[in-house]
Amino acid sequence: MIGIAALWIALLLLAGGFALDRLLSRSIVDNFDSQLEYILNAMVAASEIGPDGEVRFNRPLADQRFLEIYSGRYFQISGDGADTFASRSLWDRRLRPDVQHDDLDVHFRDSSEFEGEPLRIVERDIILPDSDTRWRFQVAESREDLDTQIEELRTTLIRSFAVLGLGLLLMAAIQTVYGLWPLRRVRRAVVSIRTAEKKRIDEHFPREITPLVDEINELLAHNEAQAEEARRHAGNLAHALKTPLTVITNAATARESDLDDIVCREATVMRRQVDHHLARARAIGRRASAQARANVAESLDPIERAVTRLYEGVTVDVAGDRDACVRVEKQDLDEMLGNLVENAAKYGGGRVFVTIEASAPVVDILVEDDGPGIPKEQRDAIFARGARLDTTGKQGSGLGLAIVRDVAQIYGGSVALDESEDLGGLLARLSLPAALEVG
């Protein structure tokens, strides 16, 4: 920031200094030219044609420098076929007329015709009364004083702008260091959090830094919640695996005759537990994506085909808004819908009806079956991990609805059980946040 400020200040001062130098230098030169033109006009006013046809002054010029040899101020009057009338200060030198001037206007120019003495010359052609000759009036003055004034001006400008630039750069540096100093305090606070000296940034900061500090504190709280959630899931998984492992260990120790069946059964239970916690972990990892979006009908179509192949005689009908989209990753939506539809096919009487109802800000997915249903007082208990209410001996671990509930809650949704009015069996209502319209 200081480097950019220094570059910008330097560019502005260079541009401003150049413009100011041109303006003031031009003003000095114009003032110098005005003095020369005033002398030229005085010469013209005092000039007349003598009896010999030559130009002369009817009164002497007031400037004594015209009488001093090589004084630095000179005049000269010349005409075709006439003697050149020059000031005494020219002595043995003469001014060269500019042949490019062929009008009666006043012209200014710089000349180096005198060695070691640059000149500023003003000249004008005049036709005097009683004369047909075109007289060239010239006044010249050494540029020494003019160049000295311009040099002093530039020296003053350079020094002034250098001091101004250093002052502005120092101010920018102080402003930058002072403005960014709170970030150093934030850095020290973060270091103290990393070294476990603090849990939050609790210092007072300027209002420009406060939003950053608030976001850091929110991030710390989020990370703590994530870590606590991970610890809880690890504990739950360990607890869920502890019982099957104990059963297998006891059976192996006692050398049970049906050890193979026990191992296969308990391994299946453990696999389902691992699948359940992996599903939660994947959903937690993906829920931060603001771009999560899935079409409900597109997820239901392959589930419908898979279920009808897996369960013979089962029909799955899908109705409702096929354009409805939810703010959920497709893999997680497939897992939730797959569990609900599979449960309806497994425990129902053969008919499964799925309805998609979109009413912002949520999308409701209703999965109904024609089975025996679940008594109202037992519907909450069925969501507990491992809970099973069927006594038909059908394969399952009682984790399907628990997975649906957990994943739905991670995305801000919910699942509830009710009685199907049309089919008479169970109705599972999955409510998920609707995805925003794209476009």
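Accessible areas here come from the Shrake-Rupley method with a 1.4 Å probe. On that basis the protein chain has an accessible surface of about 26100 Å², and carbon and sulfur atoms account for 54% of that surface. Keep in mind that this is a predicted model.

Next, the overall build. The protein chain contains seven helices and 14 strands. Its radius of gyration is 51 Å, whereas the globule rule gives 22 Å for 439 residues, so the chain is more spread out than a compact globule. The C-alpha trace spans about 155 × 55 × 35 Å along its principal axes.

On burial, 39% of the 439 residues are buried, taking buried as under 20% relative accessible area. As for contacts, consider those between residues at least 6 apart in sequence: 59% of them join residues at least 24 apart.

Now to one site, the second largest pocket. It holds about 210 Å³ of space. Which elements give two or more residues to its lining? They are helix H1, residues 2-46, and helix H2, residues 144-194. H1 supplies the largest share, with six residues.

By name, the lining consists of Ala10, Leu13, Leu14, Gly17, Phe18, Asp21, Arg154, Leu157, Ile158 and Phe161. How do these residues divide into nonpolar, polar and charged? Seven are nonpolar, one is polar and two are charged.

Note on methods: Residues numbered from 1 in each chain as written. Predicted model: local features only at pLDDT ≥ 70, side-chain atom pairs only at ≥ 80, totals over all residues. Heavy atoms only, no water. 1 Å grid on protein atoms, 1.4 Å probe; cavity = no way out; pocket = protein on both sides within 12 Å on 5 of 7 lines; lining within 4 Å. Points joined across faces, edges and corners; volume = space filled by probe spheres on them. Helix = DSSP H or I, 4+ residues; strand = E, 2+ residues; numbered from the N terminus. Nonpolar A, V, L, I, M, F, W, Y, C, P; charged D, E, K, R; others polar. Rg over C-alpha atoms; globule rule 2.2 N^0.38 Å. Buried < 20%, exposed > 50% of the residue type's maximum accessible area, 1.4 Å probe, protein only. Contact = heavy atoms within 4.5 Å.
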